[in-house]
Amino acid sequence: MFLAGDEDGDLLAVRTRGLLSSRLGGMGTTIFAEMSALAAATGAINLGQGFPDTDGPEAVREAAVRALREGRGNQYPPGPGVPELRVAIAAHQKRFYDLDVDPDTEVLVTAGATEAIAAAMLALLEPGDEVIAFEPFYDSYAACVAMAGARLLPLTLRAPDFRPDLDALRALVTPRTRLLLLNSPHNPTGMVLTDAELAAIAELAVERDLLVVTDEVYEHLVFDGRHLPLIGLPGMRERTVAISSAGKAFSFTGWKVGWVTAAPELVAAVRTAKQFLTYVCSGPFQYAVAEALHLPDDYFTAFRDGLRARRDLLADGLVTAGFEVYRPAGTYFITTDITSLGERDALAFCRDLPTRCGVVAVPNSVFYSTPGVGGAQVRFAFCKREDVLREAAARLRRLVE
């Protein structure tokens, strides 16, 4: 800002730079907000944003109500999270992955996985550090790395199988590389890292002394293959920040209860940043999620199998509607290609789709930083009721009728 005189000689303040930090330049409103608003305005079926259209288990919802009524969590909960939830998270890691986690020193509760990722980036990065992430990537990754003053380097996953090129990954690592930011099961492609790929990534991380942050929010939604936490591989316990959340596993995305599991030194670092973001969050919901994590195995099996059936229902409908479909091994999402429909601009296609068919989807191009990649890819969410997916598939058939 500088001072200039007006015609009467009075001094006026003149702004010389924009209000938004240059680190966040070009990010603006997320594509999810734009497309959800478009769905509301047109009455279209919203297969864009990844939230279910039904709530999770009634017993878990009632646990939240009970906590509210009993006054548990209505005031500030402990900074690391309520003890009941931290113990439940540690038990979850042991039950599903045979990982021994200390609930007092190796668990941190966060405002969803989004805050966990932000706190990890702010805590572990210095300006000028480099971070490698699989591209396409969830849009908050780029924002969190930018806010930390670091540089995000993409490793592009390419259709049809979206497997990472491990030689290319190794080539991306430089003396400035500080951290690998990995997402498996992967949003938006649905790729699930194999045991061999994880072992190779772990070997590289140890060899080059890299930290790794793993986004594992879809850990219970693997339809083909299995989920193996990187933190359990040799040499990875002291260098990995594992992140997950309750939203995707229990269909309560609005509760925003996530967590970090890591070695004590890493948890302490992330907690230092987290305490200046939300400080604490979701008090009564933490008690409910603690109960949710103790649900029997048949809940997790039925939940996964139900989503697999809905994946197949929508995937078959998209094929019938003329899309090239890349059937995902996990997550909530199906990636498609619209070239077979005579289309090439996914963003324009998605903006026009509600009026053409009454369906909202998201263009994958917004998840890429490499120009020209993914421009014809469109993502659909299948975490909806079966009747909704059938209706969406019927509407999408208008594209080829």
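1. In the predicted model, the bridge partner of Ile334 in strand β15 is Phe380, where strands are DSSP runs of E with at least two residues and helices are runs of H or I with at least four, both numbered from the N terminus. Strand β12 (residues 333-337) and strand β15 (residues 377-381) run antiparallel to one another and are joined over five bridges, and two strands are taken to pair if DSSP finds at least two bridges between them.

2. The sheet concerned is open, has four strands in the order β11-β12-β15-β14, and is paired in the antiparallel sense. Its edge strands are β11 (324-326) and β14 (362-363), each of which pairs on one side only. Helix α11 (residues 297-320) packs on this sheet and touches β11, β12 and β15, with a direction that makes about 15° with that of β12; contact here means heavy atoms within 4.5 Å, and angles run from 0 to 180 degrees between N-to-C directions, with axes fitted as lines to C-alpha atoms, for helices over the stretch in contact.

3. On conventions, residues are numbered from 1 along each chain as its sequence is written. Because this is a predicted model, local features need pLDDT of at least 70 and side-chain atom pairs count only at pLDDT 80 or more, whereas totals for chains, interfaces and linings use all residues, and side-chain values use heavy atoms, with hydrogens and water left out.

4. A second open sheet is formed by seven strands in the order β4-β10-β9-β8-β7-β5-β6, with mixed pairing. The strands at its edges, each pairing on one side only, are β4 (107-110) and β6 (151-156), and the twist from one strand to the next averages 20°. Within it, strand β7 (residues 177-183) and strand β8 (residues 211-215) run parallel and are joined by five bridges, with Leu180 standing opposite Val212 in β8.

5. A polar atom of the Thr240 side chain lies 2.8 Å from the backbone oxygen of Met236. Not counting residues up to four places away in sequence, Thr240 touches Val212, Thr214, Ile231, Thr261, Ala262 and Leu266.

6. The structure holds zero disulfides, a disulfide being a pair of cysteine sulfur atoms within 2.5 Å. For Cys281, the nearest cysteine sulfur, that of Cys144, is 15 Å away, and Cys281 is buried, with a relative accessible area of 13%. For Cys357, the nearest cysteine sulfur belongs to Cys350 and is 11 Å away, while Cys357 is buried at 1% relative accessible area.

Key: A polar contact is a pair of N or O atoms within 3.5 Å; within protein, one must be able to donate a hydrogen and the other to accept it, and residues adjacent in sequence count only if both atoms are side-chain atoms. Buried means under 20% relative accessible area, exposed over 50%, partly exposed in between (1.4 Å probe, protein chains only).
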